[in-house]
Amino acid sequence: RFVALSRNDLVAALAEKTGSTKKEADDFLSGFADIVIDAIAKGEKVSIPGVLSVERVARAARTGRNPATGESIEIPAGFGVKVSAGSRLKAAAK
């Protein structure tokens, strides 16, 4: 059964693992998220070797279909986010 790790659970585990307070762990997690978001917005790749990498990828313009009406619509080019698992993360999932 799949169990999600909530932000509170992650903060508590991070605090315990690093010997810091939950407040410090929460501040660290918020800061880390801000750094990743800012880097992706600038088009930079964020990599934690063995764990994961996150990068912005270009999406070409394409024709889609409105599911309610079946009408064709043009979807403009844009960007998406690609997250790739590293070797240690893949090994942990086995």
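In this predicted model, helix α1 meets helix α2 through two sets of residues. On the α1 side are Arg7, Leu10, Val11, Ala12, Leu14 and Ala15. On the α2 side are Lys22, Ala25, Asp26, Phe28, Leu29 and Ser30. The residues of this contact divide into 8 nonpolar, 1 polar and 3 charged.

**The helix pair**

- Two packed helices are described by the angle between their axes and the distance between the axes.
- Here α1 spans residues 7-18 and α2 spans residues 22-41.
- The two helices pack at an angle of about 115 degrees, and their axes are 8 Å apart.
- Angles of 65 to 115 degrees count as roughly perpendicular, and α1 and α2 are therefore roughly perpendicular to each other.
- The crossing of α1 past α2 is right-handed.

**The sheet**

- Strands of a sheet pair through backbone hydrogen bonds, either parallel or antiparallel.
- This open sheet has 3 strands in the order β1-β2-β5, and the pairing is antiparallel.
- β1 and β5 (78-85) stand at the edges with a single partner strand each, so one side of each has no neighbour in the sheet.
- From one strand to the next, the twist averages 25 degrees.
- β2 and β5 run antiparallel and are joined by 8 bridges.
- Ser53 has Ser84 in β5 as its bridge partner.

**Val51**

- Val51 lies in the loop between β1 (46-48) and β2 (52-59).
- Val51 counts as partly exposed because its relative accessibility is 25%.
- Beyond its neighbours within four places in sequence, Val51 is in contact with Ser84, Ala85, Gly86, Arg88 and Leu89.
- Val51 and Leu14 are 37 residues apart along the chain, and their C-alpha atoms are separated by 16 Å.

Conventions:
Residues are numbered from 1 along each chain as its sequence is written. This is a predicted model: local features need pLDDT of at least 70, side-chain atom pairs count only at pLDDT 80 or more; totals for chains, interfaces and linings use all residues. Side-chain values use heavy atoms; hydrogens and water are left out. Axes are lines fitted to C-alpha atoms, for helices over the stretch in contact, and angles run from 0 to 180 degrees between N-to-C directions. Helices (H or I, at least four residues) and strands (E, at least two) are DSSP runs, numbered from the N terminus. Angles under 35 degrees count as roughly parallel, over 145 as roughly antiparallel, 65 to 115 as roughly perpendicular and the rest as oblique. A crossing is left-handed if the near helix is turned anticlockwise from the far one by less than a right angle, and right-handed if clockwise. Contact means heavy atoms within 4.5 Å. Ala, Val, Leu, Ile, Met, Phe, Trp, Tyr, Cys and Pro count as nonpolar, Asp, Glu, Lys and Arg as charged, and the others, Gly among them, as polar. Buried means under 20% relative accessible area, exposed over 50%, partly exposed in between (1.4 Å probe, protein chains only). Two strands pair if DSSP finds at least two bridges between them.
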